[in-house]
Amino acid sequence: MHEPSPFLDFAQDKLQIGALLFMALVYSLKIRWILKFPAGRDRQAPSGNPEKNASRGAWYSLLNIAMPWAMPSTRNRPLFYAQFVAFHLGVAASILMSFLIPYAPRTIASAPAVLALQVVFAMACIVGILRLYRRIADPYIRAISSPDDYFSLALLIVWLGFSFLAAPNRPAEGERALIAYFLLTAFFLVYVPFSKISHYLYYPFARWYLGKTLGHRGVYPVQRQEAGA
Amino acid sequence: MPPARSYKAQKVIDRFQQKLNRQAMLSLAACVHCGLCTDQCHYVLANPGDPTYAPAYKADRLRKLFKAHVDWTGRLIPRWVGGRSVYSDEELEELKDVVFGKCTNCRRCSLNCPMGVDMASFNRLARGLLVHVGVMPEGVAVVAKDQWEIGNQMGVLKEDYLETLQWMEEELQSEYNDPSIRIPVDKRDAEIVYAINPREAKYDPRTIGEAAAIFHFAGENWTMASEGWDMTNFGLFNGDDELGAACAARVYDAVEGLRGRKLVVSECGHGYRSTRCEGPNWARRDLKFEMESSVVTMLRYIKEGRIAVDKTRNPLPATYHDSCNNARSCGMTEEPRELLRLVTTDFREMYPNRAENFCCTGGGGAMSMSEYAPRRLKSAKVKADQLRATGAKVVVTSCHNCVDGLFDLIRHYKLDMQVKLLVSLVANALTPPERRIKRRPLEGFRILVIDDEPDVRIYLSKLFEENGCAVTDAPDANQAMRAIRAQPPDLITLDLVLPKKTGEKLYWELKKDERFARIPIVVVSGYAAIDHPKIDFHKFIAEKALPPPEGFLEKPVDVEKLIETVHQSLLESRFSG
Ligand code: SF4
Ligand code: SF4
């Protein structure tokens, strides 16, 4: 097995640990910050419907992400939802790969594993490009986009592109892709808490509180009847 | 250097930071600008191509403040994350236009956001910030003032309210030929304390009578309160938690003072939400008594066999419109349907429905903001299409506010439909009470209602239609003149205070024109009651040597007197013609 250069070794190990520690610290502070805002209390009596209560509502709300049928906005856009899955799978796989390459390279050394990773990254990257195009071309999305929205998306597209190139993990054939991938990963970890990408930190809190209230009031889980049903 | 900030803008920022709770903060922080909520809003659907109606765009008007003053990155580099503070009073006016004029707080986008961003809740927060510095539509200010001062949002005086209850009681006794029917007031230790929407006392007292008949035949031990009887709450609409707390506390105090066991709230989406769900939070009260919607009460009476109903009395095809507050904020979607199926023969579902239903467009206090009426009616196309697709002749709803919103859009989009509350259908289906067959006194006539206030036009039109006649309306003198020329009506009701050309001037023109001089005119105006004495109009007609009008009624009108005057004027004109 080819030994990585000292710089690659630094980039994939110490730099990542440093960036991760930084991210963890900022996230802890962010959670503290969120919890500093007083949470509104629900004093009203429960809905009386045994099927609906605060904790059911909260869980239903949290799992909303895995229930594309639950809302018209996702139910009527299966392709958009598929893109969402592909994109987030790619991001998750790339984060996982940043641990596997330095610490357990054998787990993704086989040709099928590399191919699977590359397919996932390629799909996510294509989705990212489509989303960037949509952000620029769709007047509704353009009107709500900030520089951070464009930059975060562009950053992820580039990162996913380098994830694709780094997946074979063959430093002997050239370290450039790997170094770029790890530098970008470190930057990504440091930048994320300050950007819109930190939405995954807000997601559980926002959905939990909304679901708790709506469950308590008998709205969640949503009951519906479609035409012809 | 940032521009200097106005006093009011600074106040808005200060208050924003004070009012921000965890839920609102998360909603402001969590948006990823994915745009999935865009086409879930009726304003967007009715205004294709205009991104300023998109929920996230509207939400960003407040989110900019959050980014600039609260968000970590935004405080350092606001522009990078779309942050911008407010500096001038003009910017506050722009924000007003968005939060009051482009959103009914219907919560449809909230329930369609994958991130759980509750746009409607922080839109209400934004309204509250503006109200705090006096920036709001005039109608909102007027209604809020009435609710603070008089204790109900329509400014109904206690004696008028009690008189209305008395009148309804007499009507019921004569309709059912049963002197034992009562509308008890301030009875202690009753099982039910019934609270209503002041619209019922002011414009639609029949619904009080209908509810009273249902309570009576169910053998209920019930009462109404002489104070704290208004369960509506403008605090929900104008975002003022203090007003919300005061209104809710008034109702709770009344129930506790009378030692009532349960508070039953008549059909009103925002009233139900405010009283049952938000009120205890605003007023910080943990209540001992139970609360329920009258829909649940009526359904229980039927299920328990306490009242009998004959659904064939309501044979017209009926659909159900879910009020946003009932469905998306209180989860009341199944009870009204169950009840409807018990009291009508032909129920047709509307799609989408329940929590996915579209707003009637009259929500969020929109009916009190006449300046946004054209925008509201344009966005109502979505609802009109939904209604039309059902093929129903009656749209039933469980909300007085929706009644007004739906009535307005039905007229605007010329749908062949009536709007009814569930209480009316249940009362109509009640068996076996023998009832007086009422003649419809205005059958066969055509009336033109001229008034600049949409609420009054709707109310009078509905009242006259229910009394059997065909109605057209006009918001100003010029449109009225066009309508009269196109088809002279049998009678005109005229408001004296009209934009551009006054009612007096129009009166003069009509009386001078021999084609229209014989059309009876009943003046219905608040003009005399404000600061111009009634004599002004009389002086005007005396000076111009004009004949007096066939009737002169001051707002708020006494319904019985109005119908009697109109009826009499029509008969006299027919006789003399
Ligand atoms: S759906 Fe939610 S996250 Fe997406 S733009 Fe709308 S409010 Fe923001
Ligand atoms: S709350 Fe209703 S009216 Fe307001 S933006 Fe959302 S969908 Fe539109």
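A word on conventions: residues are numbered from 1 along each chain as its sequence is written, while chains are lettered from A and ligands numbered from 1 in the order in which they are written. Because the model is predicted, local features need pLDDT of at least 70 and side-chain atom pairs count only at pLDDT 80 or more, whereas totals for chains, interfaces and linings use all residues, and side-chain values use heavy atoms, with hydrogens and water left out.

Along its principal axes, the C-alpha trace of chain B spans about 80 × 60 × 45 Å.

Turning to the interface, 66 residues of chain B and 61 residues of chain A take part in the contact, where contact means heavy atoms within 4.5 Å. The area buried between the two chains is about 5,300 Å², with carbon and sulfur atoms giving 58% of that area; buried area here is the accessible area (1.4 Å probe) that two parts lose on being put together, summed over both. B:Arg22, B:Trp72 and B:Trp80 supply 16% of the area that chain B buries against chain A, more than any other three residues.

Which charged pairs cross this interface? There are five salt bridges between chain B and chain A, each a side-chain nitrogen of Lys or Arg within 4 Å of a carboxyl oxygen of Asp or Glu. In one of them A:Arg41 pairs with B:Asp286, the closest N and O atoms being 3.3 Å apart. On the side of chain B that touches chain A, the residues divide into 29 nonpolar, 17 polar and 20 charged, where Ala, Val, Leu, Ile, Met, Phe, Trp, Tyr, Cys and Pro count as nonpolar, Asp, Glu, Lys and Arg as charged, and the others, Gly among them, as polar.

Now the ligands, for which a residue is near if one of its heavy atoms lies within 4 Å. Ligand 1 is surrounded by residues including B:Cys31, B:Cys34, B:Cys37 and B:Cys113, and by class its shell has 10 nonpolar, two polar and no charged residues. Around ligand 2 there are 13 residues, of which B:Cys41, B:Cys103, B:Cys106, B:Arg107 and B:Cys109 come nearest. Helix 3 (42-46) and helix 4 (55-69) of chain B are the elements that give two or more residues to the shell around ligand 2, and that shell has seven nonpolar, three polar and three charged residues.

Finally, some backbone details. A cis peptide bond joins B:Tyr351 and B:Pro352, with omega about -10°, and B:Pro352 is found in the loop between strand 7 (347-348) and helix 18 (373-379) of chain B. The peptide bond from B:Lys555 to B:Pro556 is also cis, with omega near -5°.

Methods. Helices (H or I, at least four residues) and strands (E, at least two) are DSSP runs, numbered from the N terminus.
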